[in-house]
There are 2 protein chains.
Amino acid sequence: MARAATTSDAFNAVAEPRRRQILSYLALNERPVGEIVAELGLDQPSVSKHLGVLRDVGLVRVRRQGRHKFYRTNAEAIRPMHAWAGTFERFWQNQLSQVKQQAEETARQAKAKIPENHPKEES
Amino acid sequence: MARAATTSDAFNAVAEPRRRQILSYLALNERPVGEIVAELGLDQPSVSKHLGVLRDVGLVRVRRQGRHKFYRTNAEAIRPMHAWAGTFERFWQNQLSQVKQQAEETARQAKAKIPENHPKEES
DNA sequence: TTGACATATTCCCATATAAGAATGTATTTG
DNA sequence: CAAATACATTCTTATATGGGAATATGTCAA
């Protein structure tokens with residue numbers, strides 16, 4: 001089996017750097033496709049395809065006005081990813097404090113000249 | 001050209017659901033590969049390859065102990081993704097308040113047009 | 001209707017998987 | 001050294017791209 005389809009979820013959609021660019025660009029204001037093309041320096045079909053992927057997973061919304069289609073980022077769809085990454089927040093905080101603790105412990109041991117200590121498992 | 005390699009950055013690495021599972025599983029405690037295999041129900045080579053991808057982008061760390069290799073999540077490497085998603089936070093907050101405003105506006109208009117139709121709504 | 005303009009879709013192709021099978025490597029023990 | 005254990009790597013295969021070119025679709029203007 002190959003990698004999951006980019007249309008399967010937001011995680012796959014934002015794996016592509018161009019699409020992250022587009023999301024950032026469309027977060028402030030809605031824009032017609034032509035402006036996105038000019039901004040990114042890609043050709044129009046590529047941009048349309050990226051927008052299609054983002055549309056399929058709900059990361060952007062479209063509004064048609066005459067011959068133009070205005071795209072804008074649907075920030076709400078980014079929230080689950082933020083939440084997922086956020087579940088690790090306490091771990092990176094712990095890791096930082098562990099580094100500090102270990103440094104302190106090492107210093108203490110050096111001073112006390114205690115021979116050895118092994119890392120633990122099971123929390 | 002195909003999508004960027006999964007080894008290129010954390011965004012690509014976590015696009016794969018199995019790898020997100022592994023990261024969550026290894027966030028609490030370090031584990032030998034065999035336990036991850038048992039936990040996920042994948043075969044060992046697949047797990048080793050996923051761990052390889054995660055290792056290449058710094059999302060996990062390894063410690064060898066005898067015949068075992070203990071993997072653990074390096075939460076610090078998830079921080080940039082959390083930060084990226086966080087740049088959209090003010091936008092989804094705005095979008096929510098816009099929805100609220102629009103709802104209020106709609107209610108205001110309805111009340112102004114058809115006052116006698118609404119008994120009471122003072123909240 | 002015809003033509004111009006703005007996007008979207010299709011086709012082709014080189015590349016990147018992810019899973020499974022088979023094989024290779026490192027480490028401990030007899 | 002040989003066997004067993006724990007992982008990692010290689011190979012194969014079906015599938016999913018992403019970009020460029022060509023083409024199709026949709027909308028407005030004359």
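Biologist: What should I know before starting?

Modeller: Residues are numbered from 1 along each chain as its sequence is written, and chains are lettered from A in the order in which they are written. In this predicted model, local features need pLDDT of at least 70, side-chain atom pairs count only at pLDDT 80 or more, totals for linings use all residues, and side-chain values use heavy atoms, without hydrogens and water.

Biologist: How many residues surround DNA strand D, and which are the closest?

Modeller: A residue is near a strand if one of its heavy atoms lies within 4 Å of it. Here 30 residues surround DNA strand D, and the closest are Ala2(A), Asp43(A), Met1(B), Ser48(B) and Tyr71(B). Sugar and phosphate make up 64% of the atoms of DNA strand D that come within 4 Å of the protein.

Biologist: Which atom of DNA strand D is 2.5 Å from the side chain of Tyr71(B)?

Modeller: A polar contact is a pair of N or O atoms within 3.5 Å. For Tyr71(B), a side-chain N or O atom is 2.5 Å from a phosphate oxygen of DNA strand D.

Biologist: How do I read two packed helices?

Modeller: They are described by the angle between their axes and the distance between the axes. Helix α2 (residues 17–28) of chain B packs with α4(B) at an angle of about 75°, with their axes 10 Å apart. That makes α2(B) roughly perpendicular to α4(B), a label for angles of 65 to 115 degrees. Helices are DSSP runs (H or I, at least four residues), numbered from the N terminus; axes are lines fitted to C-alpha atoms over the stretch in contact, and angles run from 0 to 180 degrees between N-to-C directions.

Conventions. A polar contact is a pair of N or O atoms within 3.5 Å; within protein, one must be able to donate a hydrogen and the other to accept it, and residues adjacent in sequence count only if both atoms are side-chain atoms. Helices (H or I, at least four residues) and strands (E, at least two) are DSSP runs, numbered from the N terminus. Angles under 35 degrees count as roughly parallel, over 145 as roughly antiparallel, 65 to 115 as roughly perpendicular and the rest as oblique.
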